[in-house]
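Trainee: I would like to learn how to read a structure such as this one, step by step. Could we look at it together?

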There are 2 protein chains.
Amino acid sequence: MKPWEANIRNVTPYVPGEQPKEADVIKLNTNENPYGPSPAVKKAAQEFDTELLRLYPDPASRVLADALAKRYGLGRDQIFVGVGSDEVLALAFLTFFNSDKPILFPDISYSFYSVWAELYGIPYERPALDRDFRLRKEDYYKENGGVVFPNPNAPTSLALGLSEVEDIIAHNQRSVVIVDEAYIDFGGESALGLLSKYENLLVVQTFSKSRSMAGLRIGYAMGAPALIRALSDVKYSFNSYTMNRTSLVLGAAALEDEAYFQETLGKIRATRERAKERLGALGFVCPEPSANFIFASRPGTDAGALFEALKERNIYVRHFDGPRTKDYLRITVGTDGQMERLFEFLENYL
Amino acid sequence: MKPWEANIRNVTPYVPGEQPKEADVIKLNTNENPYGPSPAVKKAAQEFDTELLRLYPDPASRVLADALAKRYGLGRDQIFVGVGSDEVLALAFLTFFNSDKPILFPDISYSFYSVWAELYGIPYERPALDRDFRLRKEDYYKENGGVVFPNPNAPTSLALGLSEVEDIIAHNQRSVVIVDEAYIDFGGESALGLLSKYENLLVVQTFSKSRSMAGLRIGYAMGAPALIRALSDVKYSFNSYTMNRTSLVLGAAALEDEAYFQETLGKIRATRERAKERLGALGFVCPEPSANFIFASRPGTDAGALFEALKERNIYVRHFDGPRTKDYLRITVGTDGQMERLFEFLENYL
């Protein structure tokens, strides 16, 4: 080891799902939306004035924060935006989780949580989901340095009821509680309505899934002004201008088109329900899906081998090789046509 | 204080220059390029396929990293890209500066350095520039946890000679040395040529100034593969997909148009030289400018009052109210027309 290497931070990075180059891949591995963004986004892109790129963007991201505030009936001082919900969550960990006590999140959950905790040296504990992959709210009633969980959960797709979410927040008045609602538009009840009651609640959402804009990197947090201010201060201590001009303009345009948003959500939910039935008919079992993916297992079928066989046929899904997840595949809900190709393969394979 | 507030990270954020809304402002306050980006960027924007926004961008930013590698004659494994050089530097601090010994940077320098150090709890020392605002290389020969300095420096615009830069690197084989070359295209000699000799050197540059793309947020680091790998690992522990699809595509397009790049650089340098002379004729003194801004002071004239008077006439420059900077204004080099408006005002004011 070179002497200067001794001071390099030692991390084990998160591994994102593959982004294959081949055009004919059926890509059901990273929970993207199978439908493109709203025509309003296309129009805004065509009208975008590239001359403006010479100027820094608005560091406060007002055009986008205002559009979000309007959409969700909140004040602008209750909105924070970032480069995907990953950046929002990464900065929220850095801002709010500065206790000697461990933060709490489920053992089976978004795998980035432990990566952020390790990056910043935050102690953490991971209460186990029950055998049906359900989060037990009582596990979160003990002393802690913060709480974070996705709802619906990933990779299980299971939603937690709003009263249980509230119980967790109510029992944690000494900590910040982050509800990661990356998939909430596809099912489950948002904790947004609880913001008026709990100042320690931060709700995080994203444009990457339900708004078909993973490629633009937009995430946002909603919470009490004091939380948003603290998060903004840390952001301004990291990077003054995180959101570029195209994200601000195209993101705001997407929010104008509520009809398109509801239409694509409806299509994805309908495809999910049909896919769930087809999988059931093929002998798969899955926790009740509320997100835009299905966490499916087939007793007697090796999920790892099935994952590889699918990949060989250019159908990409995701397989997490953990002790409790290794028998499952996480399958993103695509178009009806893409799901049909998946089922054709499965019918032959099984 | 609420109990959950106790665990909030306490920071004093960086304050970026103002982004006024008025269209008729002469904006010489944030070192933006007065010329728009290359026509190649406009063309790429027009051809951009918004349907692709539904998919995540390439987490490795290959199209942009490859274009940079080609432009600078390096391997792709020697290039790291991020959301502006601010994100690149913020992640570099987090990656490389993990020693109990203080990192070193000049007392008058980019004010974000101390903000990042405070954010991450990195000890630091700030050797004073000499009375002519020159960096004394010998100040950087003592034991440290890392070294970072801009070349040319900001807000002074003074460049450090390449042999002095090399002396600093050569004397710091136990640390990572970051040379922040945000302004190098406007003057001074890049340390890039030293990469083949020093594995502990990281050179950071940006598209925000010389490439007229502050609004797109693109910065990059160049260094030995081991440094780039460590930086990438930390990035993948923070946010898998930092660069959105528009940044990748438009950034790569900008690099194709070397002729436009050289042409705008030539114009800005010529305007700078004329402006320096005009300022001199008006009684201003300034360190020899090598960046796209001039750090100017006029004995007997209150710089703070002049700053306010300029602002009242919609001419924005920057004033740093520190003990050694309070008598100076940092004036970005605009178009000849913009500079003319500035000089007209100054001739009346003085």
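Mentor: Let us start with the word domain: the domain bounds used here come from an automatic or database domain assignment. Please keep in mind that this is a predicted model. In chain A, domain 1 is made up of 16–36 + 259–349, while domain 2 covers 39–256. The centres of these two domains of chain A, taken over C-alpha atoms, are separated by 25 Å.

Trainee: How many residues of domain 1 of chain A are in contact with domain 2 of chain A, and which elements supply them?

Mentor: Two residues are in contact if their C-beta atoms, placed from the backbone, lie within 7 Å. On that basis, 25 residues of domain 1 of chain A are in contact with 21 residues of domain 2 of chain A. On the domain 1 side, the elements that give two or more residues are α8 (258–281) and β9 (293–297) of chain A, and α8(A) gives the most, with six residues. Sorted by class, this side of domain 1 has 12 nonpolar, seven polar and six charged residues.

Trainee: How should I read a helix that has buried residues, for example α5 of chain A?

Mentor: The general idea is that an α-helix has 3.6 residues a turn, so residues three or four places apart point the same way. In helix α5 (residues 162–170) of chain A, the buried residues are A:Val165, A:Ile168 and A:Ile169. They lie on the same side of α5(A), because they cover an arc of only 100° around the axis. These buried residues of α5(A) pack against β5 (147–150), β6 (177–180) and β7 (201–206) of chain A.

Trainee: What does the contact between chain B and chain A take from each chain?

Mentor: The size of an interface is often given as the accessible area lost when the parts come together. Here we can count residues instead, and the contact takes 72 residues from chain B and 72 residues from chain A. Among the helices of chain B that each supply at least two residues are α1 (39–47) and α4 (112–120), whereas α3(B) gives the most, with seven residues. The side of chain B that touches chain A has 34 nonpolar, 24 polar and 14 charged residues.

Definitions and conventions. Residues are numbered from 1 along each chain as its sequence is written. Chains are lettered from A and ligands numbered from 1 in the order in which they are written. This is a predicted model: local features need pLDDT of at least 70, side-chain atom pairs count only at pLDDT 80 or more; totals for chains, interfaces and linings use all residues. Helices (H or I, at least four residues) and strands (E, at least two) are DSSP runs, numbered from the N terminus. Ala, Val, Leu, Ile, Met, Phe, Trp, Tyr, Cys and Pro count as nonpolar, Asp, Glu, Lys and Arg as charged, and the others, Gly among them, as polar. A residue is buried if 20 or more other C-beta atoms lie within 10 Å of its own, exposed if 12 or fewer, and partly exposed in between; C-beta atoms are placed from the backbone. The arc is that of the directions from the helix axis to the C-beta atoms.
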